[in-house]
Amino acid sequence: MIDSLMHAAQRLMEALRAENEALARLDLAAAGELARGKRQAADAFAAAYDAARKLGSRTEGAERARAEEIAAGLQELTAENRRLLERAIALQSRVIETIAGAARPPGPGTYGARGRMREGRGAAMSVLSRA
């Protein structure tokens, strides 16, 4: 049972590495295509973990050291995956906001530097008055 768990963990690590590489390149299309494989690997790992836990499987010696190494690797990869996904989401949000802002119809006209009416959105302006 432990061998199944180790195999599932290795498969999940490979899926995370591949998605992390795509996200680091900001290749969101490739990352999206890899998401299904990552989800399947995560489900397989969860099922193998539950089965090993129910059977009370334990590791000893070198096998335990290998399991701890894999667990540390999974923690590192999942933390990196989370960071990269958050970065990708933030980037996508900025892109969407930019597109939405450009698609907005122009607002009311404003006055230009010489007091003439200007059409469209006005630029940011600040006023300072001193008494």
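Predicted model: local features only at pLDDT ≥ 70, side-chain atom pairs only at ≥ 80, totals over all residues.
Residues are numbered from 1 along each chain as its sequence is written, and side-chain values use heavy atoms, with hydrogens and water left out. Local features need pLDDT of at least 70 and side-chain atom pairs count only at pLDDT 80 or more, whereas totals for chains, interfaces and linings use all residues.

The chain contains three helices and two strands, assigned as DSSP runs numbered from the N terminus (helices H or I, at least four residues; strands E, at least two). Along the sequence the elements follow the pattern α-α-α-β-β. Of the 131 residues in the chain, 22% are buried (under 20% relative accessible area; exposed is over 50% and partly exposed in between, with a 1.4 Å probe and protein chains only).

Helix α1 (residues 2-24) packs against both other helices. Its axis and that of α2 (28-54) are 8 Å apart, at an angle of about 160 degrees. Axes are lines fitted to C-alpha atoms, for helices over the stretch in contact, and angles run from 0 to 180 degrees between N-to-C directions. The angle makes α1 roughly antiparallel to α2 (over 145 degrees; under 35 is roughly parallel, 65 to 115 roughly perpendicular and the rest oblique). The crossing of α1 and α2 is left-handed, a term that applies if the near helix is turned anticlockwise from the far one by less than a right angle, clockwise being right-handed. The contact of α1 with α2 involves 22 nonpolar, three polar and three charged residues. In this classification Ala, Val, Leu, Ile, Met, Phe, Trp, Tyr, Cys and Pro are nonpolar, Asp, Glu, Lys and Arg are charged, and the others, Gly among them, are polar.

Between α1 and α3 (residues 61-103) the packing angle is about 30 degrees and the axes are 9 Å apart; α1 and α3 are therefore roughly parallel to each other. Their crossing is left-handed. The contact of α1 with α3 comprises 15 nonpolar, five polar and seven charged residues.

The largest pocket holds about 420 Å³ of space. A pocket is an open set of points on a 1 Å grid over the protein atoms alone, with protein on both sides within 12 Å along at least five of seven lines, and lining residues have an atom within 4 Å of a point. Grid points are joined across faces, edges and corners, and the volume is the space filled by probe spheres set on the points. The lining has 18 residues, of which I2, L5, Y49, T59 and A67 are the closest to the pocket centre. Helices α1, α2 and α3 each supply at least two lining residues, and the largest share, six residues, comes from α3. By class, the lining consists of eleven nonpolar, three polar and four charged residues.

L26 lies in the loop between α1 and α2. Most residues other than glycine have a negative phi; L26 has a positive value, near 60 degrees. With 39% relative accessibility, L26 is partly exposed. L91 belongs to helix α3 and is partly exposed at 25% relative accessible area. A47, in helix α2, is also partly exposed, at 47% relative accessibility. The C-alpha atom of A47 is 9.0 Å from that of A8, 39 residues away along the chain.

Key: 1 Å grid on protein atoms, 1.4 Å probe; cavity = no way out; pocket = protein on both sides within 12 Å on 5 of 7 lines; lining within 4 Å.
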